[in-house]
Amino acid sequence: MFEGGETRLSAPGWDANIMLPNSITTSMRHSPETITSGVSWRSRLANFDLVPDLGEDIGSVRWFRGLATLTLLSVAALALTPDYGPIYGGQPSMPTAAEFEEARAQMIMPIAYGSDSGKRMAATDAVIALAGSPERPRIELTASLGRGDSFARMLQRSGVGGDEAANIVNMVSAVTALSNIEPGTPIDIVLGQRQSKDQARPLESVAFRARFDLNLEIKREGGSLRLNRKPINVDNTPLRIRGTVGSQGIYRSARAAGAPTAAIQDYLKVIAARAPLTSIRPTDEFDIILDYKRAETGEVKVGNLVYAGVDRNGKPAIQMLKWAVGDSSQWFEASGVGESKGAFSSPVNGGVTSGFGSRRHPILGYMRMHSGLDFKASYGQPIFAVTDGVVAYAGRKGGYGNFVQLNHAGGLASGYGHMSRIAARPGSRVRRGQIIGYVGSTGLSTGPHLHYELYRNGRAINPMSVKFTQRAQLSGNDLARFKGSLQRLKSVKAGAALTPLRTTPKNEDAPNREIDRLTFRDGRLPTSG
C-alpha cells in the first residue's frame, strides 16, 4: 500500500508491477460475489441449447426439451400459414329499372343491340322555362330491339304509352311469338301529335320484320290500331355442295367449293363417327347439304348441316341424314339405322369408391363378396336408369335398404341400393337416363352412396365389363318418311339454291288509272242520260 492511494500487485513470473487504484481494490475486496454471479449467468446462457440434435441423447431431458421446441415451432408455423382459399369480394346489387335505363346510354354495345346514344341532361338554373312551345305534329324514329330486351319496354322507351304498348304486344303475339323477333331488328315508329304535354304521343304506325318470312305493320285507322300482315316470299331450297376430295383433303376442298367453316367441321364429325377419315380417298366425292333460306328482299339465312355423304366410284359409300325422333334428333344411315352408342353408363354423377370383388365389410367386419360398385354421391342426388328396362322390384330389401331392380333385354338386370327415396313403380317401363330414385344411406350403409349391381341370368357380374349399346332403328311409317326426305334432298342439284330467286310477279296488264279499271259491256265509255 502506497501513500498515493495506489496498490501494487505483483505475480510470479511477471516483469512489472501492476498499479491499481484503491477504489478498484476496495470494490474487488468488498464485492467478489458480483463478479462470480455475472460470469455464471453468461456461461449458463452460452451453454443453454434450444435446438439440440434429436439424434443424440435420446430420452434425456435435453432431448425432450428439443422435441418440445420443435413441436412449438411446427405448431406456430401451421398457425401462421396463410389461407389460399378464394377471396370473396362484395357482390354488386342488381340495378333497378331506372338505373339500367340510365346506364344504357353509356353502354359500349352497338345501338342495334339496344344501347342509346347519350342521355338527356336536366335543366339548370340558367334555363328559363318557356310559357309555351310549339311541338312537331309527328315524330318518326327507328328503335332497335336489344338482346334480352322486352318488346313492350322498347316501345315505351321510344315514347309509346303504356296502354298502347300493351295493346301492340297482344296484337303481335297473336300472329307470331315475340321470341321470333331477332335482336337488332330495326323497328320504324311514327308518333302523332298529343293533346297536352302531360300525355304520351299517340301511335300512328309501327312496322318491323317479325320473322324471316313476315313483315308486320300496325297503323291507326279510324281511331283504332289495325295490324297488317305482309308475307315475304322465301325460297327454302337446301344448299348442296359437292366436290372431289383431292390431295388437299376434305376441309380445304370443301372450303374452296364455298362450304362454311362450321358446316365442314360438323360434316367431318359425322363422317368420322361412321368411318375413319384416313379411309377417305382423294378420288372420293364429298356431299354436303345445308338448310338454306332466301328472301325476295335479299336476305340469306344459312342453317345447320342436314346431310353428309361420301360417294366412291359414282356410288354412295356413306349417307347420313339428320332425323328427329321424339324431342331429339340424331344421324341415321340411309337404311334407317341410327347411331350406335356403347359405353359404361354411370347410374349417378360420381366416382367409384369401391369396386367389384372380395373386401372387408365396413360394418360386419369380415371378408365377403362385394357384388357391385359403390358410387360416391351426396344425399338426395338423383339416380338414373343405365338403359331401357322394366321395374321388376321397388321396395325395401334387407341390407340393401330401399332397392330397385330393372330387367333389361338379353337376360340382363341392374340393381340400385341404399336409396333415400324410390321414384319408380313395379311393372312400369323406364328409359335410359330416367330418374328411378335418390341417393341415401338406408340398410347396411356407413354414409350416403349408391350401391349398383348388374346381373346376367340372375348372377351378379362386374358392371365395368358390360357396355350398353343403343342403336335406333326406324320402321314402318317413320322409315317411309325418312327415305322420302332423303330422296328429296338428294334430288336437289348442287348450287340450285344460288340461282336467282323468283320474285312475286306483278300484273303488268293491270290498269294504272281509276278510269281504266272500269269494265264496260260494249267496250265504250258510259254516257250520261
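Predicted model: local features only at pLDDT ≥ 70, side-chain atom pairs only at ≥ 80, totals over all residues.
User: Which glycine in the turn of the S21 and S22 hairpin has a positive phi?
Analyst: S21 and S22 form a hairpin, with four residues between them.

User: Which residue in S24 is the bridge partner of methionine 419?
Analyst: Strand S22 also runs antiparallel to strand S24 (residues 435-439), with three bridges joining them. The bridge partner of methionine 419 in S24 is valine 439.

User: How many residues of strand S22 are buried?
Analyst: S22 spans residues 412-422 and is mostly covered. Buried means under 20% relative accessible area. Of the eleven residues in S22, the number buried is eight.

User: Around the axis of H9, what arc do the buried residues cover?
Analyst: In H9, the buried residues are Leu479, Phe482, Ser485, Leu486 and Leu489. They lie on the same side of H9, because their arc around the axis is only 130 degrees.

User: Is phenylalanine 64 buried or partly exposed?
Analyst: Phenylalanine 64 is found in helix H3 (residues 61-79). With Leu67 and Leu70, Phe64 makes a nonpolar surface patch of about 260 Å². Its relative accessibility is 48%, so phenylalanine 64 counts as partly exposed.

Methods
Residues numbered from 1 in each chain as written. Heavy atoms only, no water. Patch = residues over 30% accessible without salt bridge, like charges linked within 9 Å, V, L, I, M, F, W, Y side chains within 5 Å. Areas by Shrake-Rupley, 256 points an atom, 1.4 Å probe, with all protein chains shown as cover. Salt bridge = Lys/Arg side-chain N within 4 Å of Asp/Glu carboxyl O. Helix = DSSP H or I, 4+ residues; strand = E, 2+ residues; numbered from the N terminus. Buried < 20%, exposed > 50% of the residue type's maximum accessible area, 1.4 Å probe, protein only. Arc of directions from axis to C-beta. Pairing = 2+ DSSP bridges.
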